[in-house]
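The points proceed from the chain as a whole to particular elements.

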Amino acid sequence: MDAKEEIKSRLPIEQLVGEYCQLTRKGRNFVCVCPFHNDTRPSLLVSPDKGIAYCFACQTGGDIFNFYQAIEGVDFPQAIKDLADKVGIVLPKERMSAGPKKDEKERIRECLEAAASFYAERLNSSNEALAYLEERQMPESIRKEFQVGYAPDSFSETYDHLLKAGFSKTEILQAGLAVQKDLNDRMHDRFRHRVMFPIFDHQGGVIGFGGRTLRAEDAKYVNSPEGPLYHKSAALFGLSHAKEAIREKRQVILVEGYFDVLACAKIGIKNVVAVSGTALTEQHAKLLKRYADTAILCLDQDRAGRDAAERAFHILVKQGMQTNAVKLSAKDPDEFVKAEPGLFLQLMQDGGVPFMDQLLEDMRQDPSLTSPQGKRDITEKFLTFVASLQTAVEREEYVQKISQTASISVTALQSDLQTILSLGHAPKDKKKDQEPHISIDKTPFSRMELCLGLAMLYPEQRTLLQELITPERKEYALLYDMLKNDATSSSTELITQIDIPSETKDWLTVLMLFCEENFGSWSETVAGREFHKLCKSTNKEIVLERQRRIIDQLKLARVSGRIDEEAQLLTQYNQALKLAKMAS
Ligand SMILES: [Zn+2]
C-alpha cells in the first residue's frame, strides 16, 4: 500500500470532515452544511463507504486529501504531509525533500519570521516597551504565546539585521518591513519604536505585523501593507491560536483589537479573533464559517464599534452564521477584563444574546420612538436587519416583535419588508422538487455520465443501454461495454474492476454518490421510465454535437478546396442524420 492509501485507510472521511462540520446521519451517509459555499441547508454529502465528501451545489470535495486541501487552502504535498502527521505515518524521505525550490512566497515568509524573532528578542532590551506592556497588564506568558515584540527606534536596525540574515532588499521590501519612496531614497524600517504583534495565517505562519506606537505623536497603529502574503481582508489576528477552541465550541468571539485578544487569552478565553486594520469582510466570514456556527460580537462600545457590529451582522448572517452580541459596561473587552475579569468570563460563557434581540432592546430604549418620524426611521432601519435573516421563520418572528415594540401592524411591516426584500439581496426560499425528474442543469455531470450512473445504480435497467449511442470518450465506452454485459455487479465492483485512470474512477465515485442520493429511492418502474427518457435526450445531444462538428469541418474543407474530404464529410453528415432519426 502506498502512503496515500495507507493514510486513507487510517483516517475515515467522516472523522476528518467531522472535525470541521457538524455531521448528521442520513441513511448510510452523513450530511452537513457545506463549509465551501454559503448555504443553510445540509448540502455536503459524506459517504463512509466511498470515502468521499462532496457538495453538489458548489461542486467541491472528494477524498480526504481533496477535502483537506479545500478546507485548509493548501496544496497536495502539504495535505499529504499534514494528514500523514495526523495519523502518525512517516512519509518516505524522497517525498519530503522532493518538490520545487523554495519559491518567492516562502522566502518572504521566512523573512517575516526572522523579523518576528528579531522583534521578540528586542523586546527584552527595551524598558519602555516592557513598561508599556506592564501598564496594559500583559503577563510574560501571554506576550510569549503571541510572540509580542518591539521594533527598535531606528530607521535601519531591522533592515540591517535582515540583510545580515541573508535576505535580499527585494525580499525585505516585499515582506513590507521596509519602505523606499523612490530609487534614490534610502531604505527605511517601516516599524519604528512600536510594540509589535505578528499576524499569523490560520496555519500559524507569520504573514504580517501590527505595531502599536510608544510615541504619543505617531499614528497609534500601523499595519503591514498588502503583499504576497498579507491580505487584510482575509487576515484574522489570533486565528491560529484560537482555531482549536473555536472548532471545539463551534463558536467564535469577535473583538476589535490586538489587546482585546490578549486580554481574553489572559483569563483563559481562547476562541477569540480580531480583524486587523479593516472592517470584517465576506472573506473573513467565510474563513470563520469553516470553524464556527456562532459568532459573538464583542466590539468596542462606542458609535464606531456599534456601526462595525451592524455591518458585521449582515456579513456573518449571509454566511449562515448565528450572530450574537454582548453588551459591555466598559470601552472594550481589554478594559472590561481589567476591571471585572470574573464577570467578563461569565458573559462570554453565556455567549451573549441574538444580535437581533439586542437591536430590539436598543430600539425599545430609543427616546425617538415616541415621535411618528422617529418611529418610521427606526422601524425602517430594523427591517433592513430582518431582511438579512436567512429563513422566513426568523423574519416572521422579528416582524412580530417589532410590531409589539413599536405598535405597528404586522401587515404594514410585512409589506415594507417585502419592498426591502424585493429591492435586493433577499434570501430565497427554494422550493423542493419532489417530482422524480432529472434536471441536468443542477448537476455537475453530463447527460452521458448520468446515463452510465443510472445503469450502474439499477442493474435491471441495463438492457436499456441498447438505446444509447456508444459514448465517444474511451473510458466511458469501456464502462458502457462492461455494463451491457453485466447485469449484476454493483457500481463499487464495476469501478474497482475497470481499467481506467484513477482520476476518472474518483469522478465516477462522485457520480455514484450523486445518483444514489438523488435517484436511489426510485422504484424499478420509475427508474426505467427516467432512464429511457435520459437515453433519448443524451442521444439527441450527441447527434447534434456531431452534426455541428461535421458542419464546421465541411466549411473548412470547402474554403480550402479539399474536394475529397468534402465528399467524405457529407457522407458522415448523412449518417449522423440517420442516427438522429433512429434516436428520436
Ligand atoms: Zn458547497
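1. The model is predicted. Of the 584 residues in the protein chain, 35% are buried. The C-alpha trace spans about 90 × 70 × 55 Å along its principal axes.

2. The secondary structure of the protein chain amounts to 26 helices and 17 strands. When contacts between residues at least 6 apart in sequence are considered, 63% of them join residues at least 24 apart.

3. The domain assignment divides the protein chain into domain 1 (3-97), domain 2 (100-230), domain 3 (235-351), domain 4 (356-423) and domain 5 (442-583). Taken over C-alpha atoms, the centres of domain 2 and domain 4 are 47 Å apart.

4. An open sheet is formed by four strands in the order E6-E9-E10-E11, with antiparallel pairing. Strand E6 (149-151) and strand E11 (221-223) are its edge strands, each pairing on one side only. From one strand to the next, the twist averages 35°.

5. Within this sheet, strand E10 (residues 206-213) and E11 run antiparallel and are joined by three bridges. Gly210 stands opposite Asn223 in E11.

6. Which of the residues in helix H13 are buried? They are His284, Ala285, Leu287, Leu288 and Lys289. The cover over the buried residues of H13 includes strand E12 (236-237), strand E13 (251-255), strand E14 (272-275) and strand E15 (294-297), together with helix H14 (303-318).

Terms used:
Residues numbered from 1 in each chain as written. Predicted model: local features only at pLDDT ≥ 70, side-chain atom pairs only at ≥ 80, totals over all residues. Helix = DSSP H or I, 4+ residues; strand = E, 2+ residues; numbered from the N terminus. Buried ≥ 20, exposed ≤ 12 C-beta atoms within 10 Å, placed from the backbone. Contact = placed C-beta atoms within 7 Å. Domains from an automatic or database assignment. Pairing = 2+ DSSP bridges. Axes fitted to C-alpha atoms, helices over the stretch in contact; angles between N-to-C directions.
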